[in-house]
Amino acid sequence: MLFCLTTQELMERPDLWEAVHRLRYQIFVEEMGWEDLRRPDGFEVDQFDHDEAVHQIVLRGNEVAGYQRMLPTTRPHLLTEVLTDLSEGTPPSGPNIWELTRYAVAPGFRDGRRGVSTVGTELIAGFVEWGLKRGVDKVIIEFEPMWVLRALQLHFLATPLGYQRTYGNQQVVATLLSFNEHTLDVVRSRRNHHAPVLARGYPDMFGQRRAS
């Protein structure tokens, strides 16, 4: 199941907060080589972990298997403040458009072909479900160009917002993905799993030790 937590809710669960930010560090600093994010404590934290950020977390047993963060485009976000050279012109914004950032699948859960694992497709289904429930039908995402084709195959309408650039050891292109109920049906069919992935409530296993 996929859990959605605000930054405050995540901070109230110290074990889960630590697991999430260590996974982000492992993926984006150690694997992808984003050296600007390197910190001596091994956590990846930035200015966008603010009170309006939504942290979406896939748990498998007692491990964080997948993670992504949703940011509103009605306030500064990665594409407008950090990855500005990825956009030609003013990036689209509005209450129905969010930015999907820090998409990550833990190494032990990459069981799919062509880089799309069962955890990865759960993350994809999760942000579509989450968005459709809230009047959100578009996301901005900065990812490798090969993912544009994969998005089209899942029946997202994919619109590049600029040219690809190199960050760390990765080629990245900013893309606007539009989706609807049909997209969700296609994603669920590709997963061969039609039940909703969004969990109600909050994870219990990391909640036993809370911040004071």
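The exercises below, each with a worked solution, concern a predicted model.

**Exercise 1.** Classify the ring pair formed by Trp98 and Trp130, and locate both residues.

Solution. Step 1: a pair of aromatic rings is described by the distance of the centres and the angle of the planes. Step 2: for Trp98 and Trp130 the centres are 5.0 Å apart and the planes are at 80°. Step 3: centres within 6.5 Å make a pair, and planes over 60 degrees apart count as edge-to-face; the Trp98 and Trp130 pair is therefore edge-to-face. Step 4: Trp98 belongs to strand β4 and Trp130 to helix α4, 32 residues apart, and the pair links these distant parts of the chain. Step 5: Trp98 is buried at a relative accessible area of 14%, and Trp130 is buried at 4%.

**Exercise 2.** Treat Phe156 and Phe179 in the manner of a ring pair.

Solution. Step 1: the ring centres lie 6.1 Å apart and the planes are at 75°, so Phe156 and Phe179 form an edge-to-face pair. Step 2: Phe156 is in the loop between α5 (146-153) and β6 (157-160), while Phe179 is in the loop between β8 (170-178) and α6, so the pair ties together parts that are 23 residues apart in sequence. Step 3: relative accessibility is 4% for Phe156 and 6% for Phe179, so Phe156 counts as buried and so does Phe179.

**Exercise 3.** Are Arg102 and Asn192, which have positive phi values, buried or exposed?

Solution. Step 1: phi is near 55° for Arg102 and near 60° for Asn192; each is a residue other than glycine. Step 2: Arg102 lies in strand β4 (residues 97-105), and Asn192 is found in the segment after α6 (181-191). Step 3: buried means under 20% relative accessible area and exposed means over 50%. Step 4: Arg102, at 6%, is therefore buried, and Asn192, at 67%, is exposed. Step 5: Arg102 also lies over the face of Phe28, at 5.4 Å from the ring centre. Phe28 forms one aromatic cluster with Trp34 and Tyr167.

Key. Residues numbered from 1 in each chain as written. Predicted model: local features only at pLDDT ≥ 70, side-chain atom pairs only at ≥ 80, totals over all residues. Heavy atoms only, no water. Helix = DSSP H or I, 4+ residues; strand = E, 2+ residues; numbered from the N terminus. Buried < 20%, exposed > 50% of the residue type's maximum accessible area, 1.4 Å probe, protein only. Phe/Tyr/Trp six-rings, centres within 6.5 Å; stacked < 30°, edge-to-face > 60°. Lys NZ or Arg CZ within 6 Å of the ring centre and 35° of its normal.
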